[in-house]
Amino acid sequence: MVGEQFVQLFGDNPVVHGLVGGFVIAGFNLLGASLVFVWRNPSERALNGALGFAAGVMLAASFTSLIIPGIEVYSNGNPIPVLVGMALGALFLDRSDMLVPHAHYLLSGRRRLDAANPSDKSPVTDERLAGVVLFILAITLHNMPEGLAVGVGFGSGDLSTAIPLMLAIGIQNIPEGLAVSVAAINAGLDKRFYAAFAGIRSGVVEIPLAVLGAYAVQSVSALLPYAMGFAAGAMLFVISDEIIPETHTTGHERIATLGTLVGAIVMLYLDISLG
């Protein structure tokens, strides 16, 4: 029913569907980033719970909307293409972290030893402008898997999988957008307008990537399981390497864990009810 209504509204071109999906998830990011105007000083406890929720949504979506259909439907039960894609997605994010400061370091100011250019000196205090640029670049980089995942989902032509994935990633973009705006303030952007702009900017990259993902798998259908695995591997890397460790360093581990469980439940419910 939902898929039929979607087709009635936007036609049956998967690339157009990818474009719509990109705008939807970027819109949710805009909503989250704009919350900084009304929720002026969210506590670390609230942010950790919200980011835990985002991690739970991404975790469930990686399996229900990407890995499992990639293996069962688009690889005829052969797991190798999806597993290769997962490895490449994780490797891409891992190598990116060697070039760009760890994104959640910029959320908290705490630097990990295995981050890019490890040092005790924070780039956002001594070189304010450079720190802000690095901040926007890092967050933008880590929005890429989400846009790609939505595009690949719509490119598969299976709206029963793509629409729940779009909604799930959109929902998790709300707390992520808020966290980005708060981080922009912490990085030195004391004007809330510019903080919200930084949050919006990180979501805009999702639109072209959603279109690119849909176009790529439509043009070369053999890429589909690899692309689904790539998007899933990149999202799992962000969850395990960034979000969960970051939400477990400020003394609010339990609320972050509960947020992760709630996020997984929401995604599973969306997947069953809409799929």
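1. In this predicted model, Phe6, Phe10 and Phe154 make up one aromatic cluster. The number of aromatic pairs comes to three.

2. One of these pairs is phenylalanine 6 with phenylalanine 10: the ring centres are 4.9 Å apart and the planes stand at 55 degrees, so the pair is tilted. Both residues belong to helix α1 (residues 2-10), where they are four residues apart, about one turn of the helix. Phenylalanine 6 counts as buried because its relative accessibility is 9%, which is under 20%. Phenylalanine 10, at 35% relative accessibility, counts as partly exposed.

3. Phenylalanine 6 also pairs with phenylalanine 154, with centres 5.4 Å apart and planes at 15 degrees; the angle is under 30 degrees, so this pair is stacked. The pair links distant parts of the chain, since phenylalanine 6 lies in helix α1 and phenylalanine 154 in helix α8, 148 residues apart. Phenylalanine 154 counts as buried, with 0% relative accessibility.

4. A separate item is the second largest pocket, which holds about 190 Å³ of space. Two or more lining residues come from each of α4 (80-99), α8 (144-155), α11 (206-219) and α12 (224-247). Helix α11 gives the largest share of this lining, four residues.

5. The lining of the second largest pocket has ten nonpolar residues, two polar and no charged. Among the lining residues are Gly85, Leu88, Leu148, Val152, Leu212, Gly213, Tyr226 and Phe230.

Technical notes:
Residues numbered from 1 in each chain as written. Predicted model: local features only at pLDDT ≥ 70, side-chain atom pairs only at ≥ 80, totals over all residues. Heavy atoms only, no water. 1 Å grid on protein atoms, 1.4 Å probe; cavity = no way out; pocket = protein on both sides within 12 Å on 5 of 7 lines; lining within 4 Å. Points joined across faces, edges and corners; volume = space filled by probe spheres on them. Nonpolar A, V, L, I, M, F, W, Y, C, P; charged D, E, K, R; others polar. Phe/Tyr/Trp six-rings, centres within 6.5 Å; stacked < 30°, edge-to-face > 60°. Buried < 20%, exposed > 50% of the residue type's maximum accessible area, 1.4 Å probe, protein only.
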